[in-house]
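The following paragraphs lead the reader through a structure, one region after another. Please keep the sequence and the model in view while reading.

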Amino acid sequence: MTMKFLVCISKAPDTTSRIAFTEGDTQFDANGVQFIVNPYDEWYALVRALELKEQHGGSVTTITVGQADCDPVIRKALAIGADDAIRVDANPTDAMQVAGLIAAQAKAGGYDVVLCGKETIDHNGSVVGGMLAEMLEASFISLATSLDLDGGKAMAKREASGGLESVEATLPVVVSAAKGMAEQRIPNMRGIMAARTKPLNVVTPGGATEGTGVSKFELPPAKGDCKLISADTPEELVRLLREEAKVL
Amino acid sequence: MNCLAFVPTKNGQATKAGLEAVSYAKQCGATVTAVMVGALNGDGGAGAAGATKVLHVSNELHDEGQIAKVVSAAAEATGAEWVVAPHDHVGRAVAPRVAVRLGAGMVPGVTGLLEGSTVKRNVFSGKAMAHVNVKTAKKVITTTPNAFGVASDGAAAAVESFATDAGEARLSVTGFEASSADGSVPLPEAVRVVSAGRGLKGPENWGIVEELAQALSATTACSRPVSDMGWRPHHEHVGQTGITIRPDLYIAAGISGAIQHLAGVNQSKVIVAINTDPEAPFFKAADYGIVGDAFEVLPKLTAAIKSMG
C-alpha cells in the first residue's frame, strides 16, 4: 500500500542567532541571520516520513508557506530525501493563515499522513498542526514521540502528563512530531546534488483569514548580575533563596 | 464579557493548569463558565478558582477532535466572546481545533493578561516577547502553565449537565507508560527542578542530584549530552530540542549553559548555577551561582535544606 506523506516545514533562525527587531520593533531583524529548517520539522517530522515511505512505499512532499528566501531551506529538505516540494508564495503572518494555505494544498493532494514539527523555535506556537487537522477533518496526534502505520491506521506514542500515551488514529491523520520520533539525517553529496533538480513547485495562494498579528516585539529587561555565593558556605544560598528570592 | 474555559480533569478534579486558565480569565475581568469532560466530583475545584458555572459533559472523551466539538458547542451555547484553555498537552490538541470551528484567532501560551484584543507571549524560545492582537471577533487563548496563580476564594460553581453530539471518535488511547516510578511531578509541570550535566562525570554519580531533588520536593532534569549518552532518561532532557520548563526554581549543576540548554530553562523564575568553571556561560544567565565542585556543593546544599526544616 503506497502512502502519500506531506511534511510541513518552515525556516527558523539558527539557534545561536542574535535576536533583534527593526521597523519600530515590529519586525524580526533578519540581517546577518542564518536560517535553518525548523529542527522539529527536519529531525523528527521529515525523517520519520522518509522512514515510513522506505517501509511502506509512496512519496514524501514538503510544503512551506513563504517567499523565495525559503528556497535554500526547502532544498535542504529535498537533499535529506523528500521527493518534491511545494512553496505557497506568501508571507506567513499567523498560524490561522498558514494552516489555511497549507490545507488548501493538502486537500488537493489527497495525503494520507500530514506531519509537522511540534512547534517552531521562533514562534513556539504549537498551533498549525491542530488547526490543519480541523480544516482537513482529519484525526490529530499531538506531540507524538513515535509513529507507525498499519492497515489504514496510525499508531503512536504521545507526550501526556507524567508519561507517554499509546494512541491509535484513523487516516487521514495529522501528526505533530516531538523528540524521540526519529534521528537527524545529514544529507550526503548525492542527496545534495539530486535536490537541485527535484521539483520545487511555487504556487500562488488563494485567500486565507488571518487570526492574529504582532503589534510589537520587546526584549526582556536585562538580567541583573549573578549573585555569587562561596562554595564553602552553601547555606547562604539556601537563606537567599528563602528570604530574598522567596522560592523556598 | 463571557469566557468559556476548557478545564482538563484528572480523577474527577480539575488539573492545576486547568484551574490557572480559569483564574486567568477571571483576572482579565471575564464571567467564566467552565466546560469539563468526563468524570467529575462536584465542580472539580473550578468554582473556587473563579468559574460561576460548570457545564459538564459526562462522556469520557479521549479524541481531542470530539472534545473540540463539544467545547465549541459550549462556547456557542454560552455566547462566549473568548475561550481559554491551558497550554498543556490536552489544551494544545484541543484549542487549535476550537479556534478553527469558531473562526477565532488563537494566541498560544500567553504570559500576560488579555487587555482588549492584545495579549503578551514569549517568542524566540524565551528570548523575546511579542504583543499579539487578535483580529477576529472571537478569540482562543491558551495560558502558559505556572505563569498565573490559582485563586481559591470563589464560591462553588453550579454544575449543569451539557449534552451535545461529540461526533465519531477517530483516535483512541490504548495504553500509558509513566515516565517516573517515583511519582515526582512531571517536568513540564514542575515548580522546582534540580538538573545536572556532564560535570557530574558519570551516571553512577547522580545520587547527590536525586537527594537534593528529594530534599526540595523537586523533579530531576538533565542537559542534552548526558541524555544522548544514556546517563539519564530522554524525558529529563531540557533544552531547545527537549522540554521547555517554567519552574519557580531551577538549579543546574555541572552544566555549562549553552544557548540550546538555556532556551529550555530561561523562563524559570530563579536560576541557580553550580560549576567549577567561573567562565561558564550559565553564570551570565543565572540569578545565583556557586563556583565550586558539585560533588561537594550538592550534598552540603541538601544538608542545609534538611536542617532548614
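B:Gly91 lies in helix α4 of chain B, where helices (H or I, at least four residues) and strands (E, at least two) are DSSP runs numbered from the N terminus. With a relative accessibility of 0%, B:Gly91 counts as buried; the term buried means under 20% relative accessible area, exposed means over 50%, and partly exposed covers the range in between (1.4 Å probe, protein chains only). Leaving aside residues up to four places away in sequence, B:Gly91 touches B:Pro86 and B:Pro96, a contact being heavy atoms within 4.5 Å. A further glycine, B:Gly109, is 18 residues from B:Gly91 in sequence, and their C-alpha atoms are 10.0 Å apart in space.

The model is predicted: local features need pLDDT of at least 70, side-chain atom pairs count only at pLDDT 80 or more, and totals for chains, interfaces and linings use all residues, while side-chain values use heavy atoms, with hydrogens and water left out. Residues are numbered from 1 along each chain as its sequence is written, and chains are lettered from A and ligands numbered from 1 in the order in which they are written.

Helix α4 (residues 128-135) of chain A and helix α4 (residues 89-102) of chain B have axes that come within 7 Å and cross at roughly 50°. Here axes are lines fitted to C-alpha atoms, for helices over the stretch in contact, and angles run from 0 to 180 degrees between N-to-C directions. The crossing of α4(A) and α4(B) is right-handed; a crossing is left-handed if the near helix is turned anticlockwise from the far one by less than a right angle, and right-handed if clockwise. From α4(A) the contact involves A:Gly130, A:Met131, A:Ala133, A:Glu134 and A:Met135, and from α4(B) it involves B:Pro96, B:Arg97, B:Ala99, B:Val100 and B:Arg101. These residues divide into six nonpolar, one polar and three charged, where Ala, Val, Leu, Ile, Met, Phe, Trp, Tyr, Cys and Pro count as nonpolar, Asp, Glu, Lys and Arg as charged, and the others, Gly among them, as polar.

Another pair of helices joins the chains. Helix α6 (residues 235-243) of chain A packs with helix α9 (residues 294-308) of chain B at an angle of about 50°, and their axes are 8 Å apart. The helices α6(A) and α9(B) are therefore oblique to each other, and their crossing is right-handed. A:Glu235, A:Leu237, A:Val238 and A:Arg242 of α6(A) make the contact with B:Leu301, B:Ala304, B:Ile305 and B:Met308 of α9(B). The residues of this contact comprise six nonpolar, no polar and two charged.

Helix α9 of chain B also contains B:Pro299, which is partly exposed, with a relative accessible area of 33%. B:Pro299 touches B:Ile208 and B:Ala294, when residues up to four places away in sequence are not counted. Its C-alpha atom is separated by 7.9 Å from that of B:Glu211, 88 residues away along the chain.

Of the 248 residues in chain A, 53% are buried. Among its contacts between residues at least 6 apart in sequence, 69% join residues at least 24 apart.

Several loops of chain A deserve attention. A:Pro172 lies in the loop between β11 (163-170) and β12 (173-177), and the peptide bond from A:Leu171 to A:Pro172 is cis, with omega near 0°. A:Glu23, in the loop between β3 (21-22) and β4 (27-28), has a positive phi of about 50° although it is not a glycine. A:Asn124, in the loop between β8 (113-117) and α4, has a positive phi near 50° and is likewise a residue other than glycine. Are these residues buried or exposed? A:Glu23 is exposed, with a relative accessible area of 60%, whereas A:Asn124 is buried, at 15%.

Terms used
Angles under 35 degrees count as roughly parallel, over 145 as roughly antiparallel, 65 to 115 as roughly perpendicular and the rest as oblique.
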